[in-house]
Amino acid sequence: MLKGKKVIVIGDKDGIPGASIEACVKSAKAEVVFSITKCFACSVVGAMDIELQQKVKDIALEYGAQNLVVVIGGSEAETSGLCAETMANGDPTFVGPLSGIALGLTVYHVVEPEIKDECSETVYEKQCAVMEMVLEIDEIILEVKSVRDKYSIY
């Protein structure tokens, strides 16, 4: 699923950082076209900031939403779901450039089996495994998957 895809990486300062996710998806032979680490807890109600929304919108226009996968590293289910919803269905807070714009992007959390299983086991263990001990993995997976199932087009 990742091999040959263009990937947007959105890490979380309190979860899994962008550089760690980037190393994992590169080990799965994906091309990272953008990578950042944000503090979702620092933003208003966990919403994606305006600059990041604009960057994702620009990347989707440049490469085509059908050619992109977004991999996130949020520390909580709720903020991970909000990030995924913004990427797929538009900004639910209606304050950013993605207000009312459904890009339909496919979004996964790096801990989901679909992503984890494609990454080099050694790289994943080094970059992300320790966070599995503190994150509520099942809740995060359920939240991101439910958003993906409801809003992702590609």
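**Entry 1: Contacts and overall form**

I looked up the contacts in this predicted model. Among contacts with a separation of 6 or more, 76% join residues 24 or more positions apart. I then read the order of elements along the sequence and noted the pattern β-α-β-α-β-α-β-α-α-α-α. The count comes to seven helices and four strands.

For the extent of the protein, I noted that the C-alpha trace spans about 40 × 30 × 25 Å along its principal axes. I also compared the radius of gyration with the value for a compact globule. With 154 residues, such a globule would have a radius near 15 Å, and the protein has 14 Å, so the two agree.

**Entry 2: Surface and interior**

I looked up how much of the protein is covered. Of the 154 residues, 51% are buried. The protein exposes about 7,200 Å², and carbon and sulfur atoms supply 52% of that area.

Which residues of the largest nonpolar core touch the most other members? I found that they are I10, V25, M87 and V110, in a core of 47 residues. Strands β1 (6-12), β2 (31-38), β3 (68-72) and β4 (106-109) each give this core at least two residues, as do helices α1 (18-27), α2 (50-63), α3 (77-89) and α7 (137-151). In soluble globular proteins, nonpolar side chains tend to be buried together.

I took I10 as an example and listed its contacts, leaving out residues up to four places away in sequence. Its partners include I21, I36, F40, L52, V70 and M87. G73 and C83 are also among the residues that I10 touches.

**Entry 3: A nonpolar patch on the surface**

I next looked for nonpolar residues on the outside. V130, M133 and V134 form a patch on the surface, and together they have about 340 Å² of accessible area. V130 belongs to helix α6 (residues 129-132). I recorded V130 as exposed because its relative accessible area is 51%, and exposed means over 50%.

**Entry 4: Salt bridges**

How many salt bridges does the structure hold? I noted seven, and I examined several of them.

K13 counts as exposed at 53% relative accessibility, whereas D14 is partly exposed at 36%.

The side chains of E22 and K26 meet in another, with N to O at 3.0 Å. These two residues are four residues apart in helix α1, so about one helical turn separates them. K26 is partly exposed, with a relative accessibility of 45%.

K38 and D49 form a further salt bridge, in which the closest N and O atoms are 2.5 Å apart. This pair links distant parts of the chain: K38 is in strand β2, and D49, eleven residues away, is in the loop between β2 and α2. Both residues are partly exposed, K38 with a relative accessible area of 23% and D49 with 22%.

**Entry 5: Residue D117**

Is D117 buried or exposed? I found that D117 is exposed, because its relative accessible area is 62%. D117 lies in the loop between α4 (113-116) and α5 (121-127). I also looked up its separation from A28: the two residues are 89 residues apart along the chain, and their C-alpha atoms are separated by 9.0 Å.

Definitions and conventions:
Residues are numbered from 1 along each chain as its sequence is written. This is a predicted model: local features need pLDDT of at least 70, side-chain atom pairs count only at pLDDT 80 or more; totals for chains, interfaces and linings use all residues. Side-chain values use heavy atoms; hydrogens and water are left out. Buried means under 20% relative accessible area, exposed over 50%, partly exposed in between (1.4 Å probe, protein chains only). A nonpolar core is a set of buried Ala, Val, Leu, Ile, Met, Phe, Trp, Tyr and Cys residues joined through side-chain atoms within 4.5 Å. Contact means heavy atoms within 4.5 Å. Patches are made of residues with over 30% relative accessible area and no salt bridge: like charges are joined within 9 Å, nonpolar side chains (Val, Leu, Ile, Met, Phe, Trp, Tyr) within 5 Å. Accessible areas come from the Shrake-Rupley method with a 1.4 Å probe; for residues, only the protein chains shown count as cover. A salt bridge is a side-chain nitrogen of Lys or Arg within 4 Å of a carboxyl oxygen of Asp or Glu. The radius of gyration is taken over C-alpha atoms; the globule rule is 2.2 Å times the number of residues to the power 0.38.
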